[in-house]
Amino acid sequence: MASRAIAVAGHVCLDMIPTFPPHARVELAPGALIHVGPSVRSIGGAVGNTGLALHRLGQPVRLIGKLGDDGFGRGVLTLLDAIDPRLAEAMTVAAGATSSYTVVIDPPDVDRLFLHCPGANDTFTDADVDWDRLDDAAILHFGYPPVMRSMLDPEPAHRMFTEAHRRGLITSLDMTAIDPASDAAHVDWIAWLQRVLPTVDLFLPSLDETLTMLGEPPGPPTPKTLATVTDRLLDLGARVVMLKLGDRGASLRTASDPPERLTQLANDAWADRELYTPCFEAEVAGTTGSGDCTIAGFLTAVMRGAGPIDCLTAATAVGGASVETTDVTSALPAWSAIAQRVAAGWPRHAPTSGFEGWPELGQGVRRGPRDGG
């Protein structure tokens, strides 16, 4: 099954990162002139992070995003072409549109500052998916609707995932943080999820994002919190939920009737699962994109026919490997190297408070009291 492709759709932007001399003293003050080095360019957003992480892992991938016919859009296409000309075949280029870009200002010893233009992402809808170019795809993953204005309406996502199901694809969804000053802050996200989640096979958000969407206060992952949140998501129509827990690991909860599309591709041990795993130990160089890489690990394992324990292990392993480099999409190790590291006994952190009593099933994965596997 590994020869089938994963289509990654959604938010895409060109990241421009000026380099600063080591130990430079930088004051970001009005009127200041700051000398910097060459700019590092990379492709960001869900399409850039998850899509190119999948490519690095050796997984065939199709990228679906919307660009303008401007310099930034051409920059994205040039970067993709240099990696693999096939990656950009399903991208939409809209005449007269502005491409999304982000200027990442990250001087030494100063908190990062982002200047972001959403550009053509705001007009992306299901109409921008070229289905004729996805004949070899087995999964459609979509990322970041809260920062795509047209996708704040649940109907385009509902139509996109419904069409994907009609074509026999497994559907996957990731969210992102909701800016309290943005239009996304005024969306009824519970109603949005109620409309969209019944068409989603794999729901892969972070716990923090999910608490915000459900109108719950932020807090650390505890067995009670995860049970409450996943119960709510299953009630809203989710079937398989992986919650990313940052440096606390990841959890997995599944319904009693997992999607048949999933069990046909992977194995059939997906019903009534409640699992948790801590992170692998890593020398952290940067965490940007680590959640997207975690998803790439999970989806790659699904494509290889793995069950829920191995998929959760793969997710945290790829996420752990990604934080050991500041340049995620070009320096992520190959799938075989990550698998060998896990097989050799890659150490994990201790489970976060509250999960110590969950029995271990192997590879550091623990089962909750409602696990039926």
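## How H1 passes H8

Helix H1 passes helix H8 in a right-handed crossing (a crossing is right-handed if the near helix is turned clockwise from the far one by less than a right angle, and left-handed if anticlockwise). This is a predicted model, in which local features need pLDDT of at least 70, side-chain atom pairs count only at pLDDT 80 or more, and totals for chains, interfaces and linings use all residues. Residues are numbered from 1 along each chain as its sequence is written, and side-chain values use heavy atoms, with hydrogens and water left out.

H1 covers residues 45-56 and H8 covers residues 290-303; their axes come within 8 Å and cross at roughly 45°. That makes H1 oblique to H8 (angles under 35 degrees count as roughly parallel, over 145 as roughly antiparallel, 65 to 115 as roughly perpendicular and the rest as oblique). Axes here are lines fitted to C-alpha atoms, for helices over the stretch in contact, and angles run from 0 to 180 degrees between N-to-C directions. The helices (H or I, at least four residues) and strands (E, at least two) are DSSP runs, numbered from the N terminus.

From H1, the residues that meet H8 are Ala 46, Asn 49, Thr 50, Ala 53 and Leu 54; on the H8 side they find Asp 292, Cys 293, Ile 295, Ala 296, Leu 299 and Thr 300 (contact means heavy atoms within 4.5 Å). Sorted by class, this H1 and H8 contact has seven nonpolar residues, three polar and one charged (Ala, Val, Leu, Ile, Met, Phe, Trp, Tyr, Cys and Pro count as nonpolar, Asp, Glu, Lys and Arg as charged, and the others, Gly among them, as polar).

## H8 has another partner

Helix H9 (residues 308-322) also packs with H8, at an angle of about 145° and with the axes 7 Å apart. The crossing of this pair is right-handed. H8 contributes Ser 290, Cys 293, Thr 294, Gly 297, Phe 298, Ala 301 and Val 302, while H9 brings residues including Asp 310, Cys 311, Leu 312 and Ala 314. The contact of H8 with H9 comprises nine nonpolar, five polar and one charged residues.

## Cysteines without partners

If you go looking for disulfides, you will find zero in this structure (a disulfide is a pair of cysteine sulfur atoms within 2.5 Å). For Cys 117, the nearest cysteine sulfur belongs to Cys 13 and is 9.8 Å away. For Cys 311, the nearest is that of Cys 293, 17 Å away. Cys 311 is buried, at a relative accessible area of 0% (buried means under 20% relative accessible area, exposed over 50%, partly exposed in between, with a 1.4 Å probe and protein chains only).

## Two loop residues

Thr 125 sits in the loop between strand E8 (113-117) and strand E9 (137-143). With a relative accessible area of 19%, Thr 125 is buried. Beyond its neighbours within four places in sequence, Thr 125 contacts Ser 150, Met 151 and Pro 156.

Leu 245 belongs to the loop between strand E12 (240-244) and strand E13 (250-254), and is buried at 9% relative accessible area. Not counting residues up to four places away in sequence, Leu 245 touches Leu 207, Pro 221, Leu 226, Ala 250, Ser 251 and Tyr 276.

## Arg 232 in helix H6

Arg 232 is part of helix H6 (residues 223-235) and is partly exposed, at 32% relative accessibility. Leaving aside neighbours within four places in sequence, Arg 232 is in contact with Ile 190, Leu 214 and Glu 216.
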